[in-house]
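Trainee: I would like to learn how to read this structure step by step. Could we begin with the general idea each time and then turn to the case at hand?

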Protein chains: 2
Amino acid sequence: MENTDPVVDTDVHNAFKSKTELLDFLPQEWHRQWAASGTGGGVYYSPVGLMRRDAVPPGGGTPGNDPAYLDEHHLSPHGIDYAILTGSGVLGLSLLPDPDYGTAIAAAYNDWLAATWLPASEKYKGSIIINASDPVAAAEEIARSAGHPDVVQVLMASAAQQPYGQRFYHPIYAAAEKAGLPIAIHPGTEGRGIAGAPTPAGYPTRYFEWHNILPINYMTHVNSLVSEGVFEKFPDLTFVAIEGGIAWLPHLMWRMDKNYKALRATVPWLKRRPSEYIRKHIRLTTQPIEEPDDPRHLGQIIAMAGAETMIMFSSDYPHWDFDNPRIALPPLDRDVRTRIMSTNAVQLYGLATSGAGA
Amino acid sequence: MENTDPVVDTDVHNAFKSKTELLDFLPQEWHRQWAASGTGGGVYYSPVGLMRRDAVPPGGGTPGNDPAYLDEHHLSPHGIDYAILTGSGVLGLSLLPDPDYGTAIAAAYNDWLAATWLPASEKYKGSIIINASDPVAAAEEIARSAGHPDVVQVLMASAAQQPYGQRFYHPIYAAAEKAGLPIAIHPGTEGRGIAGAPTPAGYPTRYFEWHNILPINYMTHVNSLVSEGVFEKFPDLTFVAIEGGIAWLPHLMWRMDKNYKALRATVPWLKRRPSEYIRKHIRLTTQPIEEPDDPRHLGQIIAMAGAETMIMFSSDYPHWDFDNPRIALPPLDRDVRTRIMSTNAVQLYGLATSGAGA
């Protein structure tokens, strides 16, 4: 006798013909986010996009994909002599569960950089990218790629599973110091992949809130690098904090120096106050520069921190919150302005001040 | 035939007669930490202890356990008229996996506070403690305990699994607003229990580094409270950031205001700039106050933030990094100093300015 009980499959996936099918059912204000990222993507969705739409080159594609057009659109009109290249869309490679894939992408990026952008113009100086999640492999990649004469920096994601002072990462610093290159970090992957939550209290709700709070990760790394004695162990190392804000410097320096008075017995490898290591070994880029209602306040903050030698101009071209070098900086003493627009970067990256490029 | 193969138990726990047995084998510099915390304890071990040793009352026990001696040792000699009590060693209750145990401890603490300290002197005003991990239960506890005339505040741990602006916590704010009480947060449990890592990059290495970076959790919560529109939904709510630093205010205000210009469409419930909500609804306590080399810098920071009405003196008695009210504050305008030492707290907590206690 045949069994007539109905058979039930309790997991069958029905699909959209295309993502846009859902738009008829979704309130208007969510349409762009759904189209751009669905239920995933870069975790935090920017409603204004991440790119300047006017930065698409004549050949089309991603903004910033054409060395000649980038010069014509950004460097030349703004009187910029050198651009430190920081890549686009690849820093997530160190937040992937698989370290080997991330390391392979980093090496491929570095070879692509040397094959395409660095030969295109003397104005372009490169950052080689590393996978900080595998520090031994990253050190090997530095040794392999650092020799190119137009490579001036090692770059890694600011998002990380451990504060960057911890000894897990020291092979990277040994390799960078040996190669004579600064290490830089760049934000954007906070909260993605294996990075964990982007704040001590978990996940902020949306892009505005996430972007507001990115600098706390920079404070974390600076605090860790100094506290762990990285700059005593690697006295020639410079650490560049790209796009992480600058006005938090006085607060962090003062708090660290105060605690150092009472607790220095627990960090016996430190020979100077924390603020002295910060001033000597940390560099910060300007964009997105803080904009007080009274623009003189930013110069006062720089003076309080003694940060005149620490800060370097950056535009973040072609990202949405680009800072125009003609108007980005607030009123500053001429000497401080020159340091920020030129001297600090020229010295750090060993750039020629005359001849091609300059 | 008997089996003569030896029998192996592969997990047998051998024990110390007492913890001190290990000291003969451990280098001297780790002895105090091993004695105090073994391999666990409060995660981050302070080598200077957490308490002033001179604050033990004549009857012995934990510093700060005797209302009469606390007055005699701290309030009277320093000319302090009111002390806002914040408890000792209980805020971890909201970082426990079991919310019911935490809520029970909170209620017991609040009843103990009303039975012991609040009747002891007009000088003592109480903070009732809540378990923020169970916001509905916390709201019920506020309704139950807020009626005592000497209760002036609701207190919870700054360590949390979600930023405090998120709607999970809104029942707490509804209850506090209804009771007419500010909500305060206090640090110390960052990185403990279910709180998760105390930085966006995981766990700092030791107490010095952990203590340096505590304020990033405060920036996270202030950013979240404003961004989520908590102060539009609860317009009479004040949020008190105890012991989280103050000199980071200009940075956070400027960054939030700048992003608000570009991204305000994503937070349509905000009707003012973020800095305006911060100035109106956030209060900060002074200890541990930042100590710039040039003490005038702190007053300049307060002026930049427009924070003259936001800051309230605190000593953190009897903790190790106590700030003495006679010398803690840097040079400030007389009016600003009076606001910090008196007016701001008198207004927030509704304290009498004459008669008993004052």
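Mentor: Let us start with buried area, which is the accessible area (1.4 Å probe) that two parts lose on being put together, summed over both. Please keep in mind that this is a predicted model, in which local features need pLDDT of at least 70 and side-chain atom pairs count only at pLDDT 80 or more, while totals for chains, interfaces and linings use all residues. Residues are numbered from 1 along each chain as its sequence is written, chains are lettered from A and ligands numbered from 1 in the order in which they are written, and side-chain values use heavy atoms, with hydrogens and water left out.

Trainee: What is the area buried between chain B and chain A?

Mentor: The area is about 5800 Å², and carbon and sulfur atoms give 59% of it. On the side of chain B, the residues B:Phe208, B:Trp254 and B:Arg255 supply 14% of the area buried against chain A, more than any other three residues. If we count contacts instead (heavy atoms within 4.5 Å), 69 residues of chain B touch 69 residues of chain A.

Trainee: How many salt bridges does the rule find across the interface of chain B and chain A?

Mentor: A salt bridge is a side-chain nitrogen of Lys or Arg within 4 Å of a carboxyl oxygen of Asp or Glu, and by that rule there are 10 across this interface. One of the salt bridges joins A:Arg273 to B:Asp293, with the closest N and O atoms 2.7 Å apart.

Trainee: Which helix of chain B gives the most to the side that touches chain A?

Mentor: Helices (H or I, at least four residues) and strands (E, at least two) are DSSP runs, numbered from the N terminus. The helix in question is α9(B), which gives 11 residues to that side.

Trainee: With which residues of chain B is A:Thr266 in contact?

Mentor: Leaving aside neighbours within four places in sequence, A:Thr266 is in contact with B:Pro47, B:Arg206 and B:Phe208. In chain A, this threonine is found in the loop between α9 (249–263) and α10 (274–281).

Trainee: What is the order of the strands in the open sheet of chain A?

Mentor: Two strands pair if DSSP finds at least two bridges between them. The seven strands of this open sheet follow the order β1-β2-β3-β4-β5-β6-β7, with parallel pairing, and the edge strands, β1 (83–85) and β7 (311–312), each pair on one side only. Strand β6 (residues 282–285) of chain A pairs with β7(A) over two bridges, and there A:Leu284 stands opposite A:Ile311.
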